[in-house]
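Visitor: Hi, I'm new to this one. Could you walk me through it?
Guide: Happy to, here it is.

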Amino acid sequence: MIGAGIAGLRAAKDLAVRGFEVVLIERSPFLGGRTALLDRVAPTGEKASDLVSALAEEALRDPAIHIHTCARVVGFDGYVGNFNLVVRTEPPDSEEDQEKLKRVSESGKSTDEFIPFVGVFPGGIPEKVEEFTVETGVVVLATGFKPYTPRKGEYGYGEFEQVITLPEFIKKVSETRGKGKVLEIEGRSIRSIAMIHCVGSRQIPGIHEAGESGELNEYCSRTCCTATLNAANQIREAYPGTRVYEFYRDIRTYGRGQEELYNDASKNGVVFLRFEPEEPPVVTPNDRPEEYPLKVTVKDTLTFGEEFDVPVDLVVLAVGMEPNAIPDLVEMMKLPVGADLFLLEVHPKLRPVEISVSGILLAGTCQAPMDIGEACSAAGAAAVKASGILGRGYVELDPFVAEVDLEKCKGTGACVEACLSEGALKMVEMEIGGEKVMRAEVFPALCLGCGACVAVCPENAINIKGWTLKQYEDMVDMIVADTVGQ
Ligand SMILES: Cc1cc2nc3c(=O)[nH]c(=O)nc-3n(C[C@H](O)[C@H](O)[C@H](O)COP(=O)(O)OP(=O)(O)OC[C@H]3O[C@@H](n4cnc5c(N)ncnc54)[C@H](O)[C@@H]3O)c2cc1C
Ligand code: SF4
Ligand code: SF4
């Protein structure tokens, strides 16, 4: 299991319950991933820390789950039923993480109310770099997402200190919870907040500029409308003196209990202003900065294009989700990546957690934007698929794989060069007629049956079982004979 966010933890627990040993490899020092950074989550209003704690504690207690934090995969080979992963653990890079880890391991529990609260690896902090190999039949990828980082100047981000992202806002609000009736952030009273939707999501060629990834995020991030409305409701309920304005293109609160958050926001006096993607709101310094530092100007389509200037203390950008960058894993494991840069399943409906590499499964937001419930459902599905493979104890191979005719093979190696699947074809030394020679050997578990090797062999020494060259030649002969005979 690679990644110990909510999806990785869920899948690990589901596999352990079915009697399988799980090695959980997490690159950060803590468990819980991005969920651990949230406050009260939509649509249920539960504390994110309660959700993660429950699952993380179960995982930590379970003798079948072996957790390695500050760990990453640095080597990989094998095939379904027989993968080898080289895992490296090393001390955390950031001094902040090292400090937090020290505090937690010295006290035996979290000393930080927000994060991290549980889940520090009980073995302590890795003090030096260590490597070990994990042998496993199945790999589940649960490497998650990162919030979109706005470009400098995008809605004033990086230019005005009063422009922050939704994850930053959630953290700040959670830190001020219960500290008075007026919302204060960094010593400033917040009387008016603008929340701008679809930042870094639903980007349109010709209108938007690409962010860090260099690609336009044309997809909807699905969770940000709900998360924004959830935050807006919490503000209006806890701080009725703070006005909240939502600048949106469409509201997409699609899941159970989420439309209710939209209705609640209307009842709570949240003001909605709708903009066209071609005319997004503009954040500039307010004309009377002594009253409010910023203003947000928008052409509101709900009032047939009337232009409004909304003076605010804070602008919150509802940033979208991007997949965590895992180029090393993509390269090592030959993972399929979609046009949106998320990992790509075989079929979105019929095989939603499998990828084209047999034995590697997907769980959670490494595959697409999902909320916590959906990430856990995907994790459950991956665990069921994994236990199906592991429980059988054997793997059925595709019968249509390459086969070398050793009587014809002269050891040119052309097939190995053409092979699309690393390790499927190798040149090996063997003894033929008392002589040591190099000959091609197929490794059926890794062979894709693509036929690239067949096309290049000058000796016609390699064939796909069931689709031999001889069979093709006979078919062509029959077609020709048939056509000539007509
Ligand atoms: C601002 C915001 C608010 C949200 N609010 C809500 C809400 O109210 N309700 C809700 O249901 N959902 C909400 N979500 C969505 C929620 O955060 C996600 O659904 C959830 O975190 C997905 O979990 P995950 O395990 O798929 O990924 P993550 O939480 O991203 O976990 C992935 C884990 O994998 C690890 N990892 C990554 N790469 C590697 C690697 N190469 N090797 C080892 N480990 C690796 C990471 O360190 C991390 O621990 C919100 C999201 C955002 C951004
Ligand atoms: S969920 Fe809402 S804010 Fe997020 S990208 Fe989709 S429409 Fe925009
Ligand atoms: S059929 Fe394709 S994958 Fe298999 S050995 Fe030949 S080139 Fe490699």
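Guide: One term before we start: a residue is near a molecule if one of its heavy atoms lies within 4 Å of it. Please also keep in mind that this is a predicted model.

Visitor: Okay. How many residues surround ligand 1, and which are the closest?
Guide: There are 33 residues around ligand 1, and the closest are E26, R34, A42, T365 and M370.

Visitor: What sort of residues are in that shell?
Guide: By class, the shell around ligand 1 has 19 nonpolar, 10 polar and 4 charged residues.

Visitor: Where does an oxygen atom of ligand 1 come to 2.6 Å from an N or O atom?
Guide: That happens at the side chain of E26. The backbone takes part as well: a polar backbone atom of A7 is 3.0 Å from an oxygen atom of ligand 1, and for a polar backbone atom of D371 the distance is 3.4 Å.

Visitor: And how much of ligand 1 does the protein bury?
Guide: On its own, ligand 1 exposes 1000 Å², and 94% of that is buried by the protein.

Visitor: Which elements give two or more residues to its shell?
Guide: For ligand 1 those are α1 (6–17), α4 (166–176) and α5 (224–238). The element that gives the most is α4, with 3 residues.

Visitor: Let's zoom out. Which domains does the protein have?
Guide: The domain assignment gives domain 1 (6–144 + 324–392), domain 2 (147–319) and domain 3 (402–485). The centres of domain 1 and domain 3, taken over C-alpha atoms, are 40 Å apart.

Visitor: So where does ligand 1 lie relative to the domains?
Guide: Ligand 1 lies between domain 1 and domain 2, because both give residues to the shell around it.

Visitor: What about ligand 2, which residues surround that one?
Guide: The residues around ligand 2 are H197, C198, S201, R202, C220, S221, R222, C224, C225, D250 and R252. Sorted by class, they come to 4 nonpolar, 3 polar and 4 charged. At least two residues of this shell come from each of β13 (192–199) and α5.

Visitor: Is the phi of R222 positive or negative?
Guide: Positive: phi of R222 is near 65 degrees, and R222 is a residue other than glycine. You will find R222 in the loop between β13 and α5.

Visitor: And ligand 3?
Guide: Ligand 3 has A402, C419, S421, L425, C447, L448, G449, C450, G451, A452, C453 and I464 around it. That shell divides into 9 nonpolar and 3 polar residues, with no charged ones.

Notes. Residues are numbered from 1 along each chain as its sequence is written. Chains are lettered from A and ligands numbered from 1 in the order in which they are written. This is a predicted model: local features need pLDDT of at least 70, side-chain atom pairs count only at pLDDT 80 or more; totals for chains, interfaces and linings use all residues. Side-chain values use heavy atoms; hydrogens and water are left out. A polar contact is a pair of N or O atoms within 3.5 Å; within protein, one must be able to donate a hydrogen and the other to accept it, and residues adjacent in sequence count only if both atoms are side-chain atoms. Accessible areas come from the Shrake-Rupley method with a 1.4 Å probe; for residues, only the protein chains shown count as cover. Helices (H or I, at least four residues) and strands (E, at least two) are DSSP runs, numbered from the N terminus. Ala, Val, Leu, Ile, Met, Phe, Trp, Tyr, Cys and Pro count as nonpolar, Asp, Glu, Lys and Arg as charged, and the others, Gly among them, as polar. Domain bounds come from an automatic or database domain assignment.
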